[in-house]
Amino acid sequence: PVDSGYYTIGPDSAPEQLQKDSDAHIRYSQILCERGYYCVHGVRFKCPGGYYGGETGLTGGTCSGMCSPGYICDEASPSPTQCVCGGVSVYCPEGSYNTTEVPAGYYSVGHDYTTRQSIQACEPGYWCSGGVKRICSAGRYSVSGSSTEECDGLCERGYWCAAGSSSATQHDCPAGRYGHLGMKSDVCKGSCMAGYYCPVNSYSATQHECGGENYYCPHGSGSPQAVSSGYFSAGNNATTRVEQIQCAD
């Protein structure tokens with residue numbers, strides 16, 4: 001009888017080679033199963049892909065265990081880290097025998113750039129493609145992670161978005177200013193025109209006319225200003241006054 005963990009050889013079946021059917025009934029010796037293989041009832045088998053045989057004399061199909069995360073193990077692998085997984089666009093969970101491509105909207109994580117072992121969904125304010133996570137640029141936003149550089153689109157008018165924003169209305173354009181689509185800072189598009197006022201979240205330089213002649217609105221006004229006693233409003237027309245002037249004695 002063949003010892004456990006050994007395989008038989010014969011005239012046509014040599015050590016460290018696959019056994020031949022031609023001498024199956026005339027085996028004359030036994031050899032200890034090498035690393036990367038396992039042996040059952042005198043027959044030598046390769047450790048399957050995704051597994052490895054790190055020692056001699058193995059007797060089961062799972063060999064020494066599964067390939068390490070971040071690596072690939074071909075058939076008859078003697079090591080749990082036989083081949084690195086590859087670039088960041090692929091990943092290799094434990095027990096891998098080939099790479100898995102990272103889907104759009106996800107990024108790979110692991111030990112380093114060549115041994116990625118799992119993926120994570122792109123977080124809000126970021127976009128992920130080719131296994132790489134990148135921040136959404138200023139003026140754009142991503143609610144739950146995106147798969148393209150455009151993220152979910154441009155920031156809404158009347159608002160502004162810093163890099164990494166997760167909402168189309170991340171920050172208000174302040175009073176006295178107005179903003180078009182895709183504003184990148186609190187400067188927004190610019191200041192409200194004289195004779196008009198722009199409350200928070202305005203999207204036009206002439207958002208609201210100043211009002212009657214008892215109000216005036218200088219350049220960059222966030223609200224109308226009442227004309228002081230002893231002054232009169234001036235500039236533009238009756239509803240878009242820009243200044244007040246003191247009455248002459």
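This is a predicted model: local features need pLDDT of at least 70, side-chain atom pairs count only at pLDDT 80 or more; totals for chains, interfaces and linings use all residues.
Me: How many helices and how many strands does the protein chain have?
Reply: Let's start with secondary structure. The count for the protein chain is zero helices and 26 strands.

Me: What is the radius of gyration of the protein chain, next to that of a compact globule?
Reply: Look at the box first: along the principal axes, the C-alpha atoms fill roughly 130 × 25 × 20 Å. A compact globule of 249 residues would have a radius of gyration near 18 Å. For the protein chain, the value is 37 Å.

Me: What share of the residues counts as buried?
Reply: To count as buried, a residue needs a relative accessible area under 20%. The accessible surface of the protein chain comes to about 13,000 Å², and carbon and sulfur atoms hold 48% of that. Out of 249 residues, the buried share is 35%.

Me: Among contacts between residues at least 6 apart in sequence, what share joins residues at least 24 apart?
Reply: A contact here means heavy atoms within 4.5 Å. Taking contacts in the protein chain between residues at least 6 apart in sequence, the share that joins residues at least 24 apart is 38%.

Me: How far apart are the mean positions of the positive and negative charges?
Reply: The protein chain has 14 positive and 23 negative charges.

Me: On to the cysteines. How many disulfides does a search of the whole structure find?
Reply: A pair of cysteine sulfur atoms has to be within 2.5 Å to count. Another is Cys122 and Cys128, at 2.0 Å from S to S. Over the whole structure, the number found is 10.

Me: Is the link of Cys33 and Cys39 right-handed or left-handed?
Reply: Both ends are tucked away: Cys33 has 0% relative accessibility and counts as buried, while Cys39 is buried at 2%. The angle about their S-S bond is 85 degrees. That makes the link right-handed.

Me: And are Cys122 and Cys128 buried or exposed?
Reply: These two are joined by a disulfide, and their link is right-handed, with 85 degrees about the S-S bond. As for accessibility, Cys122 and Cys128 are both buried.

Me: Which parts does the link of Cys173 and Cys188 tie together?
Reply: The sulfur atoms of Cys173 and Cys188 are 2.1 Å apart in a disulfide, and the link is left-handed, with -110 degrees about the S-S bond. Cys173 lies in the loop between β18 (171-172) and β19 (177-178), and Cys188 lies in the loop between β19 and β20 (190-191), so the pair joins parts 15 residues apart in sequence. Cys173 is buried at 0% relative accessibility, and Cys188 also counts as buried, at 11%. The parts tied together are therefore the β18-β19 loop and the β19-β20 loop.

Me: Which residue holds the closest cysteine sulfur to that of Cys247?
Reply: Cys247 counts as partly exposed, at 40% relative accessibility. Its sulfur has a gap of 17 Å to the closest cysteine sulfur, too far for a bond. The residue holding that sulfur is Cys210.

Me: Where does Arg177 lie?
Reply: Arg177 is partly exposed, with a relative accessible area of 26%. Beyond four places in sequence, the residues Arg177 touches include Asp186, Cys192, Cys198 and Ser202. From C-alpha to C-alpha, Arg177 is 84 Å from Tyr7, and the two are 170 residues apart in sequence. Arg177 lies in strand β19.

Me: How far apart in space are Tyr106 and Ile119?
Reply: Tyr106 sits in strand β11 (residues 106-110) and is partly exposed, at 33% relative accessible area. Ile119 is among the residues Tyr106 touches, as are Cys122 and Cys128. Tyr106 and Ile119 are 13 residues apart in sequence, and their C-alpha distance is 6.3 Å.

Definitions and conventions: Residues are numbered from 1 along each chain as its sequence is written. Side-chain values use heavy atoms; hydrogens and water are left out. Buried means under 20% relative accessible area, exposed over 50%, partly exposed in between (1.4 Å probe, protein chains only). Helices (H or I, at least four residues) and strands (E, at least two) are DSSP runs, numbered from the N terminus. The radius of gyration is taken over C-alpha atoms; the globule rule is 2.2 Å times the number of residues to the power 0.38. Accessible areas come from the Shrake-Rupley method with a 1.4 Å probe; for residues, only the protein chains shown count as cover. Lys and Arg count as positive and Asp and Glu as negative; His and the chain ends are not counted. The place of a charge is taken as NZ of Lys, CZ of Arg, CG of Asp or CD of Glu.
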